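This report covers charged and aromatic side-chain contacts. Please have the sequence and the model at hand.

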Amino acid sequence: MSRSEAQRAEAERIVLRIKTHMAEREFQKHVVDSLKARGFVVWVFPIMKRTVAGVPDLTFWHPQRPGRLYCWELKTEHGRIRPEQIVALAHLSTGPGIDARIVKPSEWPALLAEIDGEVTG
């Protein structure tokens, strides 16, 4: 990662630490924008009410990381997790190379650093 990329990533982390009380949609937009800026292909269902219960908010992958798929359910710091979401993520996480998890704003800076390491490493 170049110096300017590292500085941008650190700035994102600082801003997000300040914004840990953001709404889920705002958090989702931030995450999607950050992932796309790093070259990820991100799939988002525009209207979640039209999907099967438990489908994660985001499914994404990076063209330079074959065999790796991310299925993330985004929640606010105090967001409720439905039983269907727990079951779906547990099932998805059994697949090889699938990172299925619940992500909250307070966890995003560390995950962003992890992702940056995977993409550049």
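## Salt bridges and aromatic pairs

E84 has a relative accessibility of 37%, so this residue counts as partly exposed (buried is under 20% relative accessible area, exposed over 50%, partly exposed in between, with a 1.4 Å probe and protein chains only). The model is predicted: local features need pLDDT of at least 70, side-chain atom pairs count only at pLDDT 80 or more, and totals for chains, interfaces and linings use all residues. Residues are numbered from 1 along each chain as its sequence is written, and side-chain values use heavy atoms, without hydrogens and water.

**Charged contacts.** The partner of E84 in a salt bridge is R82. A salt bridge here is a side-chain nitrogen of Lys or Arg within 4 Å of a carboxyl oxygen of Asp or Glu. R82 is partly exposed because its relative accessibility is 35%. The whole structure holds seven salt bridges. Three of them are listed below, including the R82 pair.

| Salt bridge | N to O distance |
|---|---|
| K75 and E73 | 3.7 Å |
| R82 and E84 | 3.6 Å |
| R101 and D99 | 2.7 Å |

Are K75 and E73 buried or exposed? Both K75 and E73 are buried. R101 has 27% relative accessibility, so R101 counts as partly exposed. D99 has a relative accessible area of 7%, so D99 is buried. This pair also belongs to a network: salt bridges with shared partners join R68, D99, R101 and E114.

Rings of Phe, Tyr and Trp (its six-membered ring) pair if their centres lie within 6.5 Å; planes under 30 degrees apart are stacked, over 60 edge-to-face, and the rest tilted.

W43 and W61 form one of these pairs. Their ring centres are 6.3 Å apart and their planes stand at 65 degrees, so the pair is edge-to-face. W43 is in strand 1 (residues 41-44) and W61 in strand 2 (residues 58-61), so the contact ties together parts 18 residues apart in sequence. Strands are DSSP runs (E, at least two residues), numbered from the N terminus. W61 counts as partly exposed because its relative accessibility is 28%.

Y70 and W72 also pair edge-to-face, at 5.9 Å centre to centre and 85 degrees between the planes. Y70 has 2% relative accessibility, so Y70 counts as buried. W72 is buried too, because its relative accessibility is 1%.

Terms used
Helices (H or I, at least four residues) and strands (E, at least two) are DSSP runs, numbered from the N terminus.
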